[in-house]
There are 2 protein chains.
Amino acid sequence: MTPELLQHQYPNGLVLLAEPMPHVQSAAFSFLIPAGAAFEPAELPGSASMLGEWLIRGAGERDSRDLLSALDELGVSHAEGAQTIHSCISAASLGRNLLPALAIFADVVRRPAFDDDEVDSIRALCLQSLRSLEDDPGSKAITELRRRHFADPWGRSPIGTVEGVTAAAPDDLRSLFRRSYRPDGAILGVAGAFDWEAVRDEVGRLFGDWDAGQPSPVLERPTGPARSHLGQETQQTQIALAFPSVPVNHPDYYRARAAAAILGGYTSARLFTEVREKRGLCYSVFASYEAFKDRAAVICYAGTAPERAQQTLDVTLEEIRRLASGGVDREELDMMRAGLKSALVMQQESSMSRSASLASDWYHLGRVRPIDEVAAALDALTPEQVGAFASGMDLDAMTILTLGPEPLQLG
Amino acid sequence: MTPELLQHQYPNGLVLLAEPMPHVQSAAFSFLIPAGAAFEPAELPGSASMLGEWLIRGAGERDSRDLLSALDELGVSHAEGAQTIHSCISAASLGRNLLPALAIFADVVRRPAFDDDEVDSIRALCLQSLRSLEDDPGSKAITELRRRHFADPWGRSPIGTVEGVTAAAPDDLRSLFRRSYRPDGAILGVAGAFDWEAVRDEVGRLFGDWDAGQPSPVLERPTGPARSHLGQETQQTQIALAFPSVPVNHPDYYRARAAAAILGGYTSARLFTEVREKRGLCYSVFASYEAFKDRAAVICYAGTAPERAQQTLDVTLEEIRRLASGGVDREELDMMRAGLKSALVMQQESSMSRSASLASDWYHLGRVRPIDEVAAALDALTPEQVGAFASGMDLDAMTILTLGPEPLQLG
């Protein structure tokens, strides 16, 4: 059963991707707009998040409260927010409410009220969010790891900094809006119960006359330090590390995903077995693959008691080196494959997951991969291919960050 | 479209509930066993979680690693763990892997290896988990609130205490296993792609000769203090409060759910509007309904900067009092209804969510509510009914807990 993919590109660059799911009543969309933290002025980190919050404080004919009420009346479950590259709006509801929900969000991204009186309350919220990161050492460690491992602006967190959030004035946010909310590079993925022609025409009516404007250049800066310790009086020591992988459009992509999964992507994966199961060193440990269009990394994380932290780090590094030097077993490859294939099927059954996947595929590849193509690529993998890929991983480019009461010996 | 519900009760008390989803390829199950923290010896808090972890460290013919590998080979995404009342196993995979996955978990709950050598590693993990709660002040505040608001053992957290986890010996865990892992009171919910007769027969083969044993009595103890402050040098002050509601089997259940949702269950709900939107007092604020079979509560939470905490608490209490005294609008009721109905439809489209809902309905009601019945009950609600329910809420029985550098004035 290969689902049908419908797609349309409007003259201003906006891409619409739609996959009907004949047996569901829900419909969902994921709208990616290239207006994430990467496009902030370097001196205003956090301004993309502030802008995203300002947009939903009233738009079109509706004030802030009317706007949220209108979505609640449609029973729309929704989330908005800046990520590193994109500002993302995702929403799901009954299929019959899809077009009314899209019309509300067309106001949000094109006709925000931009009431200056809202900005102080938004600034206070964003400062709260930064403070709550201080009370969440695991998330803080991964946030700070990304800042160091990826070159700026790819390492940026949308949460920003106290300085940036404090400094951003209403006119800065308006200027960011004019530069970054634009149809060229915007991707709208829709999945579930809908009528294709009605969606295509309504999206054209809502967004067809949205001006493309000028793209804003992204200035790449060097990466941060490869070894860091952040001293903080936490109960647990946080260990986060990253090393480069290949992006989704790379011929070795499936080998890279397999290598990361075998390291720490399922419950009997190597890190889980060696760190958690055999030695009881920590409760949470994982490895995950993260990608931008032109770069990617494997991120590993463990949180543990300070007296077990050195051993946890040592075992984690040892497992990464063993993956790079020792190859992988057929049994491991089978488990990785079974897990990813089950996940694919379950993604196909959720309008929300599927709409997100359509938009993500387009960002990474400029096309949507049919599920059958992904399954065939997974089936074709051999242990030799994955082992060869792993032996070429650039572990010298590894970034390690620890957070806790005492620094560790960084191998 | 009313889905078909299939059910069977085995002579030993085990209940099987199954809902076929004709157009999906996945199948999921949720298995509730009355072996949660409520059944722990009072001096061994945390032992139910330790036991749950021990069960998956090898069972039947498989050692710890073989067991997790067998599930990974089937592509089963799974989670196990003690909750307050139940020990819960949930799993999802392709439909054809449902019966093999059930057979593995039949070993887990009936024939665990119970290798004493595993217990120290399990104890270390559970102590890590307790430590990580110290680094997560929001979760800690809600955990400590439940301990005070609900009478013991309903207020217990499966995370336990350092003393309990340190003291629990292998024989204590074996004894808890014999008392609490039992078919009477166990509920198995299945949803997705499966053949009913094959499932019914295989569950009978796997669990039909499981002995019921003796039920262990639950001893109710008084609730904790109604007002508490936990001093901790956090960046944010955590505010958690609870007041009684009615359980799912109560005639006023839908009125109670509506009242809680109007307070803080959707994005334009009262707490969100007054605390977050209008005043920018905090990033996270919500109210949620939580129920056991014979008791329930509304839990409210906000995390905010210490200098804004007093106002956040005052506004939250004011909104609760306004709900109790001022009634609700038809517009609010419509929004609550639209949100719950969308959520119902989306739950119907996910085999994982649906299997959990089947098991939960049986626990609360001894039957599964057809979706149409829930929708009709929501449609029948009037603002007058919800307002009348809210005016009867017992706010004198409110529990308030704060956590942070300074105590607050507790209204």
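**View 1. The strand pair S2 and S6 within the sheet of chain B.** In strand S6(B) of this predicted model, Ala191(B) is the bridge partner of Glu19(B). The two strands concerned, S2 (residues 15-20) and S6 (residues 187-192) of chain B, run parallel and are joined by six bridges; strands here are DSSP runs of E with at least two residues, helices are runs of H or I with at least four residues, and both are numbered from the N terminus. They belong to an open sheet of six strands in chain B, whose order is S1-S2-S6-S3-S5-S4 and whose pairing is mixed, two strands being taken as paired if DSSP finds at least two bridges between them. Strand S1 (6-9) and strand S4 (77-82) of chain B are the edge strands, each pairing on one side only. Helix H8 (residues 196-207) of chain B lies across S1, S2, S3 (26-33) and S6 of that chain, and runs at about 155° to S2(B); axes are lines fitted to C-alpha atoms, for helices over the stretch in contact, and angles run from 0 to 180 degrees between N-to-C directions.

The model is predicted, with local features requiring pLDDT of at least 70 and side-chain atom pairs counted only at pLDDT 80 or more, while totals for chains, interfaces and linings use all residues. Residues are numbered from 1 along each chain as its sequence is written, chains are lettered from A and ligands numbered from 1 in the order in which they are written, and side-chain values use heavy atoms, with hydrogens and water left out.

View 2. Within S5(B), Ala92(B) is the bridge partner of Ser77(B).

**View 3. Helix H9 packed against helix H11 in chain B.** Helix H9 (residues 253-264) and helix H11 (residues 306-326) of chain B pack at an angle of about 140°, and their axes are 10 Å apart. That angle makes H9(B) oblique to H11(B), since angles under 35 degrees count as roughly parallel, over 145 as roughly antiparallel, 65 to 115 as roughly perpendicular and the rest as oblique. Ala259(B), Ile262(B) and Leu263(B) of H9(B) make the contact with Glu319(B), Ile320(B) and Leu323(B) of H11(B), where contact means heavy atoms within 4.5 Å.

**View 4. Backbone features in the loops.** The peptide bond from Asp152(A) to Pro153(A) is cis, with omega near 10°, and Pro153(A) has its place in the loop between helix H5 (137-149) and helix H6 (162-167) of chain A. In chain B, the peptide bond from Asp152(B) to Pro153(B) is likewise cis, with omega near 10°. Phe114(A), found in the loop between H3 and helix H4 (119-134) of chain A, is a residue other than glycine with a positive phi, near 50°. Most residues other than glycine have a negative phi, and most peptide bonds are trans.
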